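Here is a short report for a first look. Keep the sequence and the 3D view at hand while reading.

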Amino acid sequence: MMALRRMVLGLLVATFSSSAISADDSTSLAWLGQAFFFDTNLSLERTLSCATCHDPNAAFSDPRDNGVLAAASLGSDGVSLGDRHAPSLGYVALTPEFSRDADGLYHGGLFWDGRANNLAEQALVPIFDQTEMRLSGPEQLAERVLENPDYRRQLVSLFGDQIETDPEQLSKAVGKALAAFQQTEQLQPFDSPYDDFLRGEYQPTLQESLGMALFFTEGFTNCNQCHQLQDVPNRRLETFSNYAFENIGLPVNERLRSVNRKRELANDPEYKDKGLAMRPDIPGGEQDGRFKVPSLRNVAVTGPYMHNGVFSELRTVLDFYNKYNRSGGDSQINPETGEPWGDAEVPETIAMDKLTGTMPLEPRHLDALEAFLRMLTDKRYQHLLED
C-alpha cells in the first residue's frame with residue numbers, strides 16, 4: 001500500500017500544495033478517487049488515465065497537440081479521436097445537476113451537452129467510451145480495480161464485502177470516488193488575483209479594472225449575461241458561468257472534423273454537432289446547436305477554446321464575439337487564419353439577443369477584457385501565463 005501511495009503522491013507533487021489529500025487516510029473516498037484519477041490501468045490499453053486529458057499541471061486540461069492543435073484528445077489506443085475539446089476540470093464540482101427551470105430552459109449537467117446529470121455519473125463515461133479509455137463495461141472495470149489489492153481493501157472498507165462481487169456497485173463506487181476527489185479544494189482553490197482582490201489583498205491595474213467594468217456592465221458587453229452565476233458582481237465563489245446552454249454561432253473546426261476518426265462522422269458528410277439536442281431526452285429544433293456555458297476560471301491557460309477547440313488564442317475568442325457588433329474590415333476576419341470567420345455549424349438557433357446590441361469594442365477594450373480574464377488564473381498556474 002505504501003508503494004502505491006508514494007507513486008500517486010509523486011505524480012501530484014509538481015502541482016498540488018501541502019494541503020493535498022493525505023495518503024495516511026486509507027479510508028478516504030477522495031484519496032481513493034485521487035488514485036483512480038492517475039491510474040492508466042483503468043483504460044483498455046493501460047496507457048490513458050483521467051489525468052492524461054485533464055492534466056493537473058495544465059489546469060486540468062489536455063496540453064497535448066494530438067495532431068489537431070490540442071482541439072480534441074486521443075483515446076487510449078493512440079488513434080481514436082473525439083470531436084470535442086476536453087474542458088478543464090477545475091471548479092467542475094460546482095456545476096449544478098442537469099435540470100430544467102420554470103421557463104423551460106436547461107441548466108447544468110456535465111459535458112458540453114449536459115448528458116451526465118452529475119459528477120459521479122460523468123466520471124464513468126470516459127472509462128467506457130470507445131474513443132477514450134475504452135473499457136467494455138462494469139465487469140472489466142471491476143477486474144482492473146480488484147487486481148490492485150490496495151484498491152480492494154479500501155473499497156471493502158468503504159462499501160462492504162459485497163463490493164467485490166457486484167461489478168455494477170463497484171463501478172458506481174469508482175464514480176463516487178472520482179467525484180469526491182474532484183470536489184476537494186485542490187480543484188477549486190479560489191486563490192486567483194481576482195479572489196485576492198475580493199479579499200482586499202490585490203489592487204488591480206487600470207487595465208484590469210477597465211476589463212472588470214466592461215465584463216460586468218451590460219450595455220458595454222453582455223459577458224455577464226452568461227458568465228456570471230451570482231446576482232451581484234464581485235461576490236466570493238463566483239464561477240463565471242450560469243451553466244445555461246447557448247448557441248453562439250461557432251463554425252466547424254475543419255481541421256478536427258477532417259481528421260476525426262469517429263465512424264459516424266466519416267460516413268455522414270452531413271453530420272452536425274447539435275450539442276444539447278444530442279441528449280436522447282431532449283427534443284431537437286429549438287435546442288439544436290446549444291452548448292453549456294463554461295466557467296471562465298483559468299480560461300487564460302486552458303486553450304484552445306470553445307466546444308470544438310476551433311480557436312487557439314483567448315484574444316481570438318474576444319474578437320469573435322466582437323464581430324457581432326462591428327461591421328466590415330478586420331472585425332469579420334479570423335486573425336488566426338486570415339480568412340472570414342466561417343458559417344455557423346447550426347445557424348438556426350444563434351442567441352442573437354445576447355450577442356448583439358452592445359457597443360463595438362476597440363482594441364484597448366479587448367486588451368482590458370483579456371487582462372481581466374487573466375486575473376482569473378489560480379496561483380499555481382500563474383507561471384503558464386504568457387508575458
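A residue counts as buried when its relative accessible area is under 20%. The model is predicted. Take D196, which is found in helix α8. Its relative accessibility is 12%, so D196 is buried.

Which residues does D196 touch, leaving out those up to four places away in sequence? They are D191, E201, Y202 and K379.

## Helix α9 and its cover

Helix α9 spans residues 206–216. Its buried residues are E208, G211, M212, L214, F215 and F216. An α-helix has 3.6 residues a turn, so residues three or four places apart point the same way.

What covers the buried residues of α9? The cover includes α8 (193–198), α10 (223–226) and α15 (363–374).

## Aromatic rings

The count of aromatic pairs comes to 21. One of them joins F216 and F240: the ring centres are 6.3 Å apart and the planes meet at 40°, so the pair is tilted. F216 lies in helix α9, while F240 lies in the loop between α10 and β3 (245–246). The pair therefore ties together parts that are 24 residues apart in sequence.

Are these two residues, F216 and F240, buried or exposed? F216 has 11% relative accessibility, so F216 counts as buried. F240 has 0%, so F240 counts as buried too. Both residues belong to one aromatic cluster, formed by Y194, F197, F215, F216, F240 and F372.

## Charges over rings

Two arginines sit over aromatic rings. R279 lies over the face of F98, 3.7 Å from the ring centre. The charged end of R297 sits over the ring of Y91, at 5.3 Å from its centre.

## Where α2 crosses α7

Helix α2 covers residues 29–37, and helix α7 covers residues 167–182. Their axes come within 7 Å and cross at roughly 100°. Angles of 65 to 115 degrees count as roughly perpendicular, so α2 and α7 are roughly perpendicular to each other.

Which residues make the contact? From α2 come L29, A30, L32, G33, Q34, F36 and F37. From α7 come V174, K176, A177, L178, A180 and F181. By class, the contact of α2 with α7 has 10 nonpolar, two polar and one charged residues.

Key: Residues numbered from 1 in each chain as written. Predicted model: local features only at pLDDT ≥ 70, side-chain atom pairs only at ≥ 80, totals over all residues. Heavy atoms only, no water. Buried < 20%, exposed > 50% of the residue type's maximum accessible area, 1.4 Å probe, protein only. Helix = DSSP H or I, 4+ residues; strand = E, 2+ residues; numbered from the N terminus. Contact = heavy atoms within 4.5 Å. Phe/Tyr/Trp six-rings, centres within 6.5 Å; stacked < 30°, edge-to-face > 60°. Lys NZ or Arg CZ within 6 Å of the ring centre and 35° of its normal. Axes fitted to C-alpha atoms, helices over the stretch in contact; angles between N-to-C directions. Parallel < 35°, antiparallel > 145°, perpendicular 65-115°, else oblique. Nonpolar A, V, L, I, M, F, W, Y, C, P; charged D, E, K, R; others polar.
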